[in-house]
Amino acid sequence: MAGRLVVLGGGAAGMSAASAARRTDPGLEVVVLEATGYAAAGLCGLPYHLAGLVGAAEDLVAYPPSFFRERRGIDLRLGTEVVGVDTDRRLVLHREGPPLGYTALVVATGGRPTTIPLPRPADRPGFVVRTVEDLVDLRALVDAGGVRRALVVGAGYIGLETAEALAGRGVAVTVAERLDRVLPTTLDPEVAAVVEEHVRTHVDLRLGTDAVPLAADEGVDVVVTCTGVGPAADLLAGAGARTGPGGALLVDDRMRTSLPGVWAAGDCIAPYHRVLGAPAFVPLGPTANKTGRVAGTVAAGGDARFAGIVGTAVVKVFDLEVARTGLTLAEARAAGFAAVAADVVSRSRAKYYPGVSPVHVRVVHEPGGRLLGAQLVGREGAAKRVDVVATALHAGLSVDDLADLDLSYAPPYAPVYDPVLVAAQAAQRVTASAG
């Protein structure tokens, strides 16, 4: 394929797309435009940089810019802000020079943090956790001893990770969440209650709370807003591309948008959700990497497909592992499923083995036995056990199939009946009673 591929965004999806395109067509000109000063950065590692567990911000970068430019022959342009796309003339408009023509375009502009207006004195810094630059500045302030009290707005993934990072640095943290539970878009209330109890032992947690009065408190040294992410899809949406849930770009299994010659990947798209049977906006790192690779391959003239997602995620919340896959009970019912749930408290190891701790498991399913999702919480044994259910969802297994799985056993690692099997058996009983 002769011509030029332009990739908008140098994050996980964008650099995966550029690298895949280069492998597919070594003769293709590949240009990546990235607005920030970093490319191929592991944004999921940002809280760990803030906590001091990752020493330098550069350690979050998969490869330095020179690697992509010199080893892979990718024209990576940092600090280049794109302001428009002319899909009729196949031009990208940016602030750093004349319009850039393209033969094929991959849009990997990622997600945009949602913000809320919060009052604060002019000398009090405020941060939004999204870019490497955000965390470099916040960490520098913490390193200098300039943060004694912090307000974290939002108790989702990023909010709780940020709260943990700050608390671990000796900062007195207040977390304000306007809804009535932690991880409100991740867990059902019954499971979130387990996490809430644990979080309260580490920080001042305010649920159902307006953050505005708290932000006005003169004793707060810094406010960190972590109120969610939406798709940064404005460039293509404005050009007429079809959008779906949350305003995310709609793509097919080859990452083609509704515009000719334009592909999209990463946190700006709504990929196919295998449980819902419809597109869904679920911005997660693995999906960004996979969809980027498919988009770059196909845009460069190759063939690849993305099989879809089941919405699997895991987060460390202080001493807890919190995981989910598929649909929560609330999500399933909102989508029109006649869903029910089975809840168990099992053990991470054999009951007599040192270090054993509880594992809370909820399995969501239809009364007829179709598996819809699961949530797991525990001090150990939740983070990777969720992958068993994710695999089952991807394969279309039922509750009965899940209960029949031949899972491993040894006292240091699991009881004879793994917590996933115990939960599946409980779901079978719910199914039997419904019949």
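Rings of Phe, Tyr and Trp pair if their centres lie within 6.5 Å. In this predicted model, that rule gives three aromatic pairs. Ring pairs link Tyr 63, Phe 67 and Phe 68 into a cluster.

**Aromatic cluster**

- The ring centres of Tyr 63 and Phe 67 are 4.1 Å apart, with the planes at 10°. Planes under 30 degrees apart count as stacked, so this pair is stacked.
- Phe 67 also pairs with Phe 68, at 5.7 Å centre to centre. Here the angle between the planes is 85°, and the pair is edge-to-face.
- How buried is Phe 67 by relative accessible area? The value is 16%, and buried means under 20%, so Phe 67 is buried.
- Phe 68 is buried as well.
- Tyr 63 has 36% relative accessibility and therefore counts as partly exposed.
- Arg 72 lies over the face of Tyr 63, 5.2 Å from the ring centre.

- Strand E7 covers residues 104-107. Ala 104 and Val 106 point one way, while Leu 105 and Val 107 point the other way.
- Strand E1 (residues 4-8) runs parallel to E7, and four bridges join them. Leu 5 has Ala 104 of E7 as its bridge partner.
- Strand E16 (residues 262-264) also runs parallel to E7, through three bridges. Val 107 stands opposite Ala 264 in E16.

**Helix H13**

- Helix H13 has 16 residues, 419-434. At 1.5 Å a residue it should span 22 Å. Its end C-alpha atoms are 23 Å apart, which agrees.
- Which residue caps the N-terminal end of H13? Asp 418 does: one of its side-chain oxygens lies 2.9 Å from the backbone nitrogen of Val 420.
- The buried residues of H13 include Pro 419, Val 420, Leu 421, Ala 423 and Ala 424. Also buried are Ala 426, Ala 427 and Thr 431.
- An α-helix has 3.6 residues a turn, so residues three or four places apart point the same way.
- The buried residues of H13 pack against three strands: E22 (340-347), E23 (358-365) and E24 (371-378). They also pack against helices H11 (386-395) and H12 (399-404).

How values were computed: Residues are numbered from 1 along each chain as its sequence is written. This is a predicted model: local features need pLDDT of at least 70, side-chain atom pairs count only at pLDDT 80 or more; totals for chains, interfaces and linings use all residues. Side-chain values use heavy atoms; hydrogens and water are left out. Helices (H or I, at least four residues) and strands (E, at least two) are DSSP runs, numbered from the N terminus. The expected span of a helix is 1.5 Å times one less than its number of residues. Buried means under 20% relative accessible area, exposed over 50%, partly exposed in between (1.4 Å probe, protein chains only). Contact means heavy atoms within 4.5 Å. A polar contact is a pair of N or O atoms within 3.5 Å; within protein, one must be able to donate a hydrogen and the other to accept it, and residues adjacent in sequence count only if both atoms are side-chain atoms. Two strands pair if DSSP finds at least two bridges between them. Rings of Phe, Tyr and Trp (its six-membered ring) pair if their centres lie within 6.5 Å; planes under 30 degrees apart count as stacked, over 60 as edge-to-face and the rest as tilted. A charge sits over a ring if NZ of Lys or CZ of Arg is within 6 Å of the ring centre and within 35 degrees of the ring normal.
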